[in-house]
Amino acid sequence: MGSLALSRADVLDQPAPSIPDEVARIAREQLAPLAAGIDDGSVYPAEVLRKFGAVGAFGNHVPHEGSADLRCAIQAMAAVGEVCGSTAFMKWCQDTLVWYAANSTNAKLAKRFGDAFSTGRVLGGTGLSNPMKSFFGIEKLKLKGRKVEGGYIVRGVLPWVSNLGPDHYFGTIFEREDEPGLVMFLADCSDPAITLTPCKPFLAMDGTGTYGVQFRDVFVPDDLILADPAGPFVKKIRAGFILLQAGMALGLIKDCISIMDEVDNPLGHINRYLPQQPVHFRDLAAELDAETMALARDPYNEEDAYWRKVIALRLRAGDASVAAAHAAMLHCGARGYLKSHRAQRRLREAYFVAIVTPATKQLRKMLAES
Ligand SMILES: Cc1cc2nc3c(=O)[nH]c(=O)nc-3n(C[C@H](O)[C@H](O)[C@H](O)COP(=O)(O)OP(=O)(O)OC[C@H]3O[C@@H](n4cnc5c(N)ncnc54)[C@H](O)[C@@H]3O)c2cc1C
């Protein structure tokens, strides 16, 4: 055999690819060709999401012995976000669903859904925007529930919930109408009393399986209750919920830097007059990445100072996404103004990072009041 053949020892010496590396490979090979279709709403990439699940992309942040580490989940989300912001968001949706089931003290629920969610065999998301806004006095809770034998009856409408389909699940919260209290539960989209209504076309994110969800006196059995009462549970999972979103921003910013680099050769002579250069965003991305990784090791930290850092990081991540995408547009000029160029898609996706709950305005309110 020629000298190029690898010996068994050589093969054993190769480090196993990390989960983010595997996710990046799948994103490059299988997600990139779908990104335009996902953006225009003609594709919902269930199969690719399941492939991410199969290499462990949704399972690494599951807590062990009372602690959890979100770093790998965020890095994997960033690898997806470098290619497609919509799919990075769907990864976040799935990650939150895993996070809810893994933190629930309902042992039956955790046993039934834990692996199914973390392997991506069952897909879904989160309907916590309305509750998160209600906790900070921005709007009233939209779902109402009352206790009955073996569970609750729930009614109401959530205007937008993503990564859904007929056999999907998502975590959300209702307010009890029979007595004071909030309950967090898993909604089963296959329940005939739950209706998914397609949303009007968005600026971006149309391939994210986003629907208006109507609950028509849905019976939610005790087996689907994540936390009753919901308050202490939300306090436990909220930093993770927010921190995980950083993955969307980190991936998007990295691609915006690549876009600026790609046009440096033909346009660098004139682009150097622009105030914001790739090097600025490289520094900013490195700072955000370091801060995210530091906070992501400790998502159960209960200190107020930690919570403020999480909110401030999330705010910076939204601002930086919009700034990087804006700079990428200016660097590209007319090339980026073409519908076929991804610069304009990145700009539309960046605004989503800034408006998805907790939105920039909510984060500013939270910081002002903390
Ligand atoms: C593409 C997309 C996907 C989303 N996915 C999810 C998800 O998976 N889970 C989730 O919980 N939330 C989801 N949301 C909601 C999102 O997180 C924010 O809550 C939402 O964008 C509004 O946030 P805001 O802070 O700007 O609210 P504000 O603008 O301050 O207030 C929004 C409120 O205004 C009203 N409103 C304004 N315009 C409309 C309209 N066109 N139709 C209906 N009501 C309107 C509603 O009462 C709504 O609650 C999604 C939103 C979008 C655009």
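The side chains of Lys144 and Glu175 form a salt bridge, with N and O 2.7 Å apart. Lys144 belongs to strand β2 (residues 143–148) and Glu175 to strand β4 (residues 169–176), so the pair ties together parts that lie 31 residues apart in sequence. Lys144 is partly exposed, at a relative accessible area of 23%, and Glu175 is likewise classed as partly exposed, at 28%. The model is a predicted one, and a search of the whole structure finds 23 salt bridges.

Arg342 takes part in a salt bridge with Asp255, in which the closest N and O atoms are 2.9 Å apart. This pair links distant parts of the chain, since Arg342 lies in helix α15 (residues 342–355) and Asp255 in helix α10 (residues 246–262), 87 residues apart. Arg342 is partly exposed at 24% relative accessibility. Asp255 has a relative accessible area of 6%, which means that this residue counts as buried, the limit being under 20%.

Arg342 also meets Glu262 in a salt bridge, at 3.0 Å from N to O. Here too helix α15 is linked to helix α10, through residues 80 apart. Glu262 is partly exposed, at 46% relative accessibility. Through shared partners, salt bridges join Asp255, Glu262, Arg342, Arg345, Arg346 and Glu349 into one network.

## Domains 1 and 2

The protein chain is divided into domain 1 (16–122), domain 2 (125–231) and domain 3 (237–369). The contact between domain 1 and domain 2 draws on 28 residues from domain 1 and 23 residues from domain 2. The C-alpha centres of these two domains are 21 Å apart. About 1,900 Å² is buried between domain 1 and domain 2, and carbon and sulfur atoms give 60% of that area.

Across this interface there are 7 residue pairs in polar contact, both residues being at pLDDT 80 or more. On the side of domain 1 that touches domain 2, α3 (35–40), α6 and α7 each supply at least two residues. The most is given by α6, with 11 residues. By class, this side of domain 1 has 16 nonpolar, 8 polar and 4 charged residues.

The interface of domain 1 and domain 2 holds 1 salt bridge. Lys108 forms a salt bridge with Asp223, with the closest N and O atoms 3.8 Å apart.

Asp223 is also touched by Asn106, whose contacts beyond four places in sequence are Asp222, Asp223 and Ile225. Asn106 is located in the loop between α6 (85–103) and α7 (107–118). With 17% relative accessibility, Asn106 counts as buried.

Technical notes. Residues are numbered from 1 along each chain as its sequence is written. This is a predicted model: local features need pLDDT of at least 70, side-chain atom pairs count only at pLDDT 80 or more; totals for chains, interfaces and linings use all residues. Side-chain values use heavy atoms; hydrogens and water are left out. Helices (H or I, at least four residues) and strands (E, at least two) are DSSP runs, numbered from the N terminus. Buried means under 20% relative accessible area, exposed over 50%, partly exposed in between (1.4 Å probe, protein chains only). Contact means heavy atoms within 4.5 Å. Domain bounds come from an automatic or database domain assignment. Buried area is the accessible area (1.4 Å probe) that two parts lose on being put together, summed over both. A salt bridge is a side-chain nitrogen of Lys or Arg within 4 Å of a carboxyl oxygen of Asp or Glu. A polar contact is a pair of N or O atoms within 3.5 Å; within protein, one must be able to donate a hydrogen and the other to accept it, and residues adjacent in sequence count only if both atoms are side-chain atoms. Ala, Val, Leu, Ile, Met, Phe, Trp, Tyr, Cys and Pro count as nonpolar, Asp, Glu, Lys and Arg as charged, and the others, Gly among them, as polar.
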